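Here is a briefing on a ligand and its surroundings. Look over the structure, then read the points below.

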Amino acid sequence: MRHTEAISRIPMADQLRIGIVVAEWNGDITQNLFQGALDTLLALGVSVDRIQRSNVPGSFELIYGCRSMLNNHLDAVIAIGSVIRGETSHFDFVCQAVSYGIAELNLKGETPVIFCVLTDDTLEQAQSRSGGKLGNKGSEAAVAAVRMALLKKENLG
Ligand code: DLZ
């Protein structure tokens, strides 16, 4: 399913438990990504009472936030963050750490962790991808989470 296609209910989606970890840095952007993810999960048929949210201070903390949420018997977790390039190299360190960290959770654990971390040069680019003219990456992450959660159930039970 591509994000441009209409979103309709997926059989078995109502049985899935999905976690969403949201970084508070650039909070307007991450809240819009969260809303996009939530709306799409509900449209796909995930029950609202099976969706858990937790907040972490910044994108760097998404790794720990997702890892600790994996103890909650979830079928997939979505990591939501927004890193915007500043005048120092902090951007590169945070982006590298969070992408490696989330990749490692996927390599080592049984629960898929979906990477919904925007890495933009400007606030305008982040706005475009979080409900603006380029869509909402949170919605795309929700579709990926449901698909991966169903794959996990198919292969691991
Ligand atoms: C420190 C920092 C900076 C400069 N920029 C961002 C950002 O654009 N997006 C983001 O999610 N977090 C940022 N942070 C915070 C770090 O992710 C982290 O929370 C702190 O370094 C504390 O570990």
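What volume does the largest pocket have? The largest pocket has a volume of about 290 Å³. This is a predicted model, where local features need pLDDT of at least 70, side-chain atom pairs count only at pLDDT 80 or more, and totals for chains, interfaces and linings use all residues. Residues are numbered from 1 along each chain as its sequence is written, and side-chain values use heavy atoms, with hydrogens and water left out.

**The pocket**
- Among the 15 lining residues, Trp25, Val83, Ile84, His90 and Val94 are the closest to the centre of the largest pocket.
- Strand 3 and helix 3 are the elements that give two or more residues to this lining.
- The lining divides into six nonpolar, seven polar and two charged residues.
- A pocket here is an open set of points on a 1 Å grid over the protein atoms alone, where a 1.4 Å probe fits, with protein on both sides within 12 Å along at least five of seven lines; lining residues have an atom within 4 Å of a point.

**The shell around the ligand**
- The ligand takes up the space of the largest pocket.
- Residues around the ligand (a heavy atom within 4 Å) include Trp25, Asn26, Gly58, Glu61 and Ser82.
- Strand 3 (76-84) and helix 3 (90-108) each supply at least two shell residues.
- Strand 3 gives the most, with three residues.
- The shell has five nonpolar residues, five polar and one charged.

**Polar contacts (N or O pairs within 3.5 Å)**
- A ligand oxygen is 2.7 Å from an N or O atom in the side chain of Ser59.
- A ligand oxygen lies 3.1 Å from a polar backbone atom of Phe60.
- For Ile84, a polar backbone atom is 3.1 Å from a ligand oxygen.

Methods
Polar contact = N/O pair within 3.5 Å; in protein donor to acceptor, adjacent residues only side chain to side chain. Sits in = over half its atoms within 2 Å of the grid points. Helix = DSSP H or I, 4+ residues; strand = E, 2+ residues; numbered from the N terminus. Nonpolar A, V, L, I, M, F, W, Y, C, P; charged D, E, K, R; others polar. Points joined across faces, edges and corners; volume = space filled by probe spheres on them.
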